Amino acid sequence: MTVRDLFSGARWWLREFSGESAYDKYLARHRRHHPDHPPMSRQEFWRSREREVTTGCC
Amino acid sequence: MSTPTDVRQQYTPEEEADIIRNSHGVPVGTRPHTHWTWWKVLLWVLISLAGALGWAMLAIVRGEQVNTIWFVVAAVATYAIAYRFYALFVQRAVMRPDDTNATPAERINNGRDFDPTNRVVLFGHHFAAIAGAGPLVGPVLAAQMGYLPGTLWIIVGVLVAGAVQDMLVLFFSMRRGGRSLGQMAADEIGRIGGAIATVIVFVMLMIVLAVLAMVCVNALADSPWGVFSVACTIPLAIAMGLWLRYVQPGAITVVSFVGFALLIVAIVSGRWIAEGPLGDLFHLAPTTLVVWMVVYGFFAAVLPVWVLLTPRDYLSTFMKIGTIVVLAIGIVIVRPIVEMPAVTAFATNTDGPVFAGTLFPFLFITIACGALSGMHAMVSSGTTPKMVQKESQVRMIGYGGMLMESFVAVMALAAAVSLNQGIYFAMNTSAASMNTLAGPAVVQQAAGDREEVAAAAVRNLGVTDAHGDPVEARWESLDAAGTEVTHTGADALRQVARDVGEPSIVSRTGGAPTLAVGIANITHQFAGGKAMMGFWYHFAIMFEALFILSAVDAVTRVARFQLSDAIGNLVPRFRDPSWLPGAWLSTAVVVAAWGSMLLMGVTDPRGGIQTLYPLFGIANQLIAAVALTVVTVMVVRKGYLKYVWIPLIPLAFDVAVTFTASWQKIFSTDPALGYWTQWRVARGAREAASAAGDAATAGVQADIVRNTFIQGTLSIIFLVCVAAVIGCAALRVIRTLRTGDPTTSEDPHRESNFYAPSGMIPTALENKVVAEYAAVGDPDLIPGRRHDRS
């Protein structure tokens, strides 16, 4: 376990928690299923997946 | 790159026997297996001993010097035992997770709401969604009864009630494609019961919002520093939203970090604003804040989410984690001594200045979140069930997430009870009760000096401190030369206000300011000293306010959609969310619903927390009763009658608590307690005052008449409706038992093709299976680069 591993580990968890990694996952999946047409751009992607809010805490 | 056969050869025959494979030979789960080794037995013996020691220190040894660290020890050890043994028992008895069955996330896997999410990440999201201001406010208010009743209820309640409810609702919703509580109620107990449940939950949500908003208003009223820093979050969130939309889409982590840093700057600079020429601009009266709150709620609900809601949620999550971590570190490092006795006289009489009512039932409705909270059933049947990867993970997410929230409540209680009792009561007694306690002579003599009135009121409370002496406000601070001085009485109250940078701390009801003083009182001892107290106080206030504002706009928005849908049955056009007049109208109705109740609470002559908080607690616990009823019916219909006591015990207790509390609120002849007795008394007083020509008193009494009428009516409606839901459920249970009706509303089994570990930390075998799945599994389901290796 190097410092670099630690850093990339921390980055991975942060991106997962914040949901930032969603675009990369989308790209990978798009490449597998629809290699024939180009994927959405970063901006298009984030606009398309605006989540509706749900009732939360008390 | 390893081939499937390579990976398979790594297992020993015993390990292979523990792996569950689907019809294609793909691993989808591991059989739970307990290999008791001597060191595991020893570990659990040690955990049990630590727990026993913690409880003994809190409940039996007591003495004059109880350390708050024992709260942490008792809580953590008890949680560990409950999670390992009771939650596992419940899982095996009534959940029986089947990892060969695909979860909704795996079935639909659309990369949006149905998204198989790493279990640790989902645990974090679920916890962030259920933990709000509730677990922090309730324990602070309940501290008037002493530290022991609250601690016992938070820890025991969560084990058998709150965590069980959360876990079972999550599991049953997951088995039904992530259906909501209202939909499940309709499926399980029939359309009428379901419709009543949906409507009543909606009304209760409005009460919950009004009370949460009132806590926020009470914390920010007459506090320029607080108002400025909280107001800053709005432009800050909008800036973050714009940046994420147009400049760096998706750069959530970086933008959140920068936003959080700017938030800290806003808190720090609040002092200069408050003390500078702009101070008056941010010095707002409670009713002004109500107006701003309503305007804000309206716009937050009608604007697109990316403008305000989503970025503010990022900030709020940061503050949440920040405050909880700071508080935990503070309690462990500073280990403050408890100032509150184990049990006070307010546990058995109805004279409590914070809220009226005896321990049973009012302790159990005052501390809702942290022990049992109906609101969690919304989250557990909302986003979370659609994201679970494997059925066997539900225990960790549902039960574990609620244990975390309970732990937050324990820490809030520890912070509140380590505060001097005189200061605690001075902060939490409403102005009206204070005048009554201090007596007219003192009030007249003090001539508007609230600190003097408060000091006299505290002397007349009739409670003793942990040493058996009369309670007096006492506060250690530094004088100009930096030497430590102890202030007492009114002086102490003034010094607290100076130290935290507020104009006054007297009658700052609602729990948030008390908790903030408690947190500042602990954290300044290890970070920053007295000079930093103001910062820590406003850091805590910011955290509470952000939570509450998030809840206000999120619930307003959701309620608006529910209302549009309901109106849509009559006027179809309302169903179209892009039709602006419809959106605005339904939002306005929702905002008016909670806004009017908020205004009523804030202007209540007897103190809004005193009068409205019980209604909030009852509403929240009645939602829990509805959730537990639905769960009970599902357990019976599933054929697990033998284990029906698992949801039935918390349900029975919750029904006893809420119905007794509602009964007392409706029928009690004690004017401190019964809404209708207060109503009659106030009506008499109003007529007497009008006859005597005292218009001011008549006006005040007229307010009380109106408020108690509304509160009393709501109490009756809640009680009748929930009784009706439980009645419908009982009929359904009887019918099921009589006919042996085997139909279930669960989705049919569908073979899973996915593997992920069950617990927080994977076992050696689970790691091997993760490696195998990475080679043979469905690429759409294989998690990212790091897999699930921890």
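1. Glu188(B) is buried, with a relative accessible area of 1% (buried means under 20% relative accessible area, exposed over 50%, and partly exposed in between, with a 1.4 Å probe and protein chains only). Glu188(B) forms a salt bridge with Arg176(B), their closest N and O atoms being 3.5 Å apart; a salt bridge is a side-chain nitrogen of Lys or Arg within 4 Å of a carboxyl oxygen of Asp or Glu. Arg176(B) is likewise buried, at 4%.

2. The model is predicted: local features need pLDDT of at least 70, side-chain atom pairs count only at pLDDT 80 or more, and totals for chains, interfaces and linings use all residues. Residues are numbered from 1 along each chain as its sequence is written, chains are lettered from A and ligands numbered from 1 in the order in which they are written, and side-chain values use heavy atoms, with hydrogens and water left out.

3. Asp747(B) and Arg179(B) form a salt bridge, with the closest N and O atoms 3.6 Å apart. Asp747(B) lies in the loop between α29 (695-739) and α30 (764-776) of chain B and Arg179(B) in the loop between α8 and α9 of chain B, so the pair ties together parts that are 568 residues apart in sequence. Helices (H or I, at least four residues) and strands (E, at least two) are DSSP runs, numbered from the N terminus. Asp747(B) is partly exposed at 27%, and Arg179(B) is partly exposed at 22%.

4. Within helix α22 (residues 489-500) of chain B, Asp491(B) and Arg494(B) are 3 residues apart, separated by about one helical turn. Their side chains meet in a salt bridge (3.4 Å, N to O).

5. Thr514(B) lies in helix α23 (residues 512-523) of chain B and is buried, with a relative accessible area of 0%. The side chain of Thr514(B) makes a polar contact with that of Asn428(B) at 3.0 Å. A polar contact is a pair of N or O atoms within 3.5 Å; within protein, one must be able to donate a hydrogen and the other to accept it, and residues adjacent in sequence count only if both atoms are side-chain atoms.

6. The contact between the chains (heavy atoms within 4.5 Å) takes 51 residues from chain B and 29 residues from chain A. Across this interface the rule finds 1 salt bridge, in which the side chains of Asp780(B) and Arg32(A) meet (2.7 Å, N to O).
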